[in-house]
Amino acid sequence: MKYVSLHHHSTFSYGDGFALPREHVERAATLGMTALALTEHGNLSSHVQLEKACNEFKIKPIFGLEGYIANPNENRKCHQTILAMDQIGHRNLNAMVSQSWRDFYRWPTIHIDVLEEYSEGIICLSGCADSTLSCTLLGGKSFGDKRDYYTREQFEGAIRLIEWYQSVFGDRYYLECQRFPGL
């Protein structure tokens with residue numbers, strides 16, 4: 001089994017990306033990766049450069065997004081890692097992002113009903129420390145102060161959330177694991 005980065009940001013990602021897509025692809029190829037996903041914050045702008053660089057270095061491009069997700073009529077936004085698994089998924093990824101930019105000024109937001117509507121061909125990861133799952137369990141965003149413990153009620157809320165994602169994505173929903181120093 002080889003490692004492939006599925007949550008990755010280039011300079012096209014607002015706030016925390018660095019280097020152009022080609023540099024990321026070159027490094028991934030040097031490390032022996034056979035594929036690389038770019039999951040920019042709220043946009044798909046790096047995908048053309050990703051595909052060109054992946055063709056050059058003979059690795060598979062995985063088209064993704066770190067979307068801002070919210071319930072309808074809510075202002076709190078959480079992060080969600082979303083990947084296209086095929087052409088239908090890529091088309092649905094584009095539809096979600098287009099709708100998010102059309103409906104929201106400055107910070108494009110995908111409502112969970114839109115995520116559900118365009119779920120075909122999509123692989124969904126639970127997301128980073130700012131995801132709905134992480135915040136449900138350990139606080140953050142508007143879920144209260146961040147903490148390093150959880151109550152039974154918060155744990156049960158996280159389980160219900162996972163069950164909802166599984167009802168929408170089935171076996172295309174995965175828990176995302178990241179290392180955070182100090183946590």
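What follows looks at the nonpolar cores and the cavity of this structure. The model is a predicted one, so local features need pLDDT of at least 70 and side-chain atom pairs count only at pLDDT 80 or more, while totals for chains, interfaces and linings use all residues. Residues are numbered from 1 along each chain as its sequence is written, and side-chain values use heavy atoms, with hydrogens and water left out.

Start with the largest nonpolar core, which has 22 residues. Such a core is a set of buried Ala, Val, Leu, Ile, Met, Phe, Trp, Tyr and Cys residues joined through side-chain atoms within 4.5 Å, where buried means under 20% relative accessible area (1.4 Å probe, protein chains only). Ile82, Leu93, Met96, Ile110, Leu115 and Phe169 have the most contacts inside it. Strands E2 (60-70), E3 (78-84) and E5 (122-125) each supply at least two of its residues, and so do helices H3 (87-103), H4 (112-117) and H6 (152-169); H6 gives the largest share, six residues. Helices (H or I, at least four residues) and strands (E, at least two) are DSSP runs, numbered from the N terminus. Another core, of 10 residues, lies apart from this one and includes Val25, Ala28, Ile59 and Phe63.

Ile110 also turns up in the lining of the largest cavity, along with Gly42, Leu65, Gly67, Tyr68, Val97, Ser100, Pro108 and Thr109. A cavity here is a set of points on a 1 Å grid over the protein atoms alone where a 1.4 Å probe fits but cannot get out, and lining residues have an atom within 4 Å of a point. E2 brings the largest share of this lining, three residues.

Terms used:
Buried means under 20% relative accessible area, exposed over 50%, partly exposed in between (1.4 Å probe, protein chains only). On a 1 Å grid over the protein atoms alone, a cavity is a set of points where a 1.4 Å probe fits but cannot get out, and a pocket is an open set with protein on both sides within 12 Å along at least five of seven lines; lining residues have an atom within 4 Å of a point.
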